[in-house]
Amino acid sequence: MEVERVQAIVSSSLAKDNIPLEFVRPEDEQPAITTFHGPIPDIPVIDFNHPDQDHIIHLIAKSSRDWGIFQVVNHGIPFDLIQKLQQVGKEFFDLPQEEKEVYAKPPGAPTLEGYGSTIGKDVNGKKNWADHLFHKIWPASCINHQFWPKNPPSYRSVNEEYAQEVRKVVDKLFKWLSMGLGLEADVLKQGAGGEEIEYMMKINYYPPCPRPDLTLGVTSHTDLSAMTVLVPNEVPGLQVFKDGHWIDAKYIPGALIIHIGDQIEILSNGMYKAVLHRTTVDKEKTRMSWPVFLEPPGEFVVGPLPQLVDPQIPPKYKPKKFKDYSYCKFHKLPQY
C-alpha cells in the first residue's frame, strides 16, 4: 500500500496520547486554541414546508448573503433513505483495508474519484485527519461505476435513489436562490451548467483521534463547487467562520446542510458568499459526512451573471473555465 490511510494509523496510535507530527496543525489553526466558546448565533434553519414561498426565498437569500450556509428541514428526502445512505457508507469504511484499496484513486489520475486520503497541496506539508471516497452520482453519462463499492451490495441502489431525491432538492434551491437575486427562476442553474451540472458524492471519514485539540479533519476552505448539499452524522465537527470566530454547527437529525460554493459567489457577483468552513475530529467517535458537490462541467465557463453587472456595479470576477478554476484552487495558485 503506497499511502498510509488515517484509518490504519488510528489502530496503531490510539493506545498512545499522540499523533504523527505531520497531522499537528500550526497553533493558529489548532481547534483547542481557535474555537469560539462564547454565546453564538445558530446557523440559519429553513423549513421547506413553510406555506409562504416568498418567506422561504427571503430566508435563503439572507442566509446566503450573511452566512453562505444554512440547514434545511422538511426537504422531502425520506429520513429512512438518509439513514440507508449513512449505513452503506459506514459499511464500506468498515471493510478490510485491502478491500477498500480496490477503489483507490489511481496515482496521477486527472479525476478526484476513488478512495483516498489527500486532496490538494498543503503549504506546510501537513495532512488532514481524514480518509474519503469520491464518485459522481449524476448525470448518468459521467458516472464511472469503477469507483462505486460493490460491498455492501445495496450501495449502488441506495446511491442511485439518493441521487434522484437530492436532484429535486437542488432544483428548488437553485430556483429560490435565483429568485432571491431578483432573477428568473432558471437563471442561476443555467449559469452553473444547467442540466450538465455534475453531482460529485464524497464520503468523509474522520476516525477517532487521540489529540483532537491539535489536528483537523479538513482545514479551512470554501468549496469550489456551485453549491454543496451535505448529510452529517450525529458526531459534531463542522465549524463555520463567522464574524471573526470559528463556531460549531448544531446537529439537526435529518437536516441537510447547504454550503454556497465559489461558483455561486462568482455568478452572483459576490452578493452570495461562499462559506469558509473546516472540520474538527473527536477523541472517542468516528465522524462521517456525505457532501454532494454540484459542479459545472470542466469546459463550462462561469462568470458574473450579466443581469447583476452594470456600469455602477462592475464585475468582481473574470469568467473562467471550471477546470481551470479547479486547477488553480487545488494547486494554491492565484485565480486571476
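Are Phe 92 and Phe 93 buried or exposed? Phe 92 is buried, as is Phe 93 (buried: under 20% relative accessible area; exposed: over 50%; partly exposed: in between; 1.4 Å probe, protein chains only). The model is predicted: local features need pLDDT of at least 70, side-chain atom pairs count only at pLDDT 80 or more, and totals for chains, interfaces and linings use all residues. Residues are numbered from 1 along each chain as its sequence is written, and side-chain values use heavy atoms, with hydrogens and water left out.

**View A. The pair Phe 92 and Phe 93.** Nine aromatic pairs are found in a search of the whole structure (rings of Phe, Tyr and Trp, the last by its six-membered ring, with centres within 6.5 Å; planes under 30 degrees apart are stacked, over 60 edge-to-face, the rest tilted). The ring centres of Phe 92 and Phe 93 are 5.1 Å apart and the planes meet at 85 degrees, so this pair is edge-to-face.

View B. Phe 241 is partly exposed because its relative accessibility is 36%, whereas Trp 246, at 9%, is buried.

**View C. Lysines over aromatic rings.** Lys 242 lies over the face of Trp 67, 5.0 Å from the ring centre (criterion: NZ of Lys or CZ of Arg within 6 Å of the ring centre and within 35 degrees of the ring normal). Lys 320 lies over the face of Tyr 336, at 5.4 Å from the ring centre.
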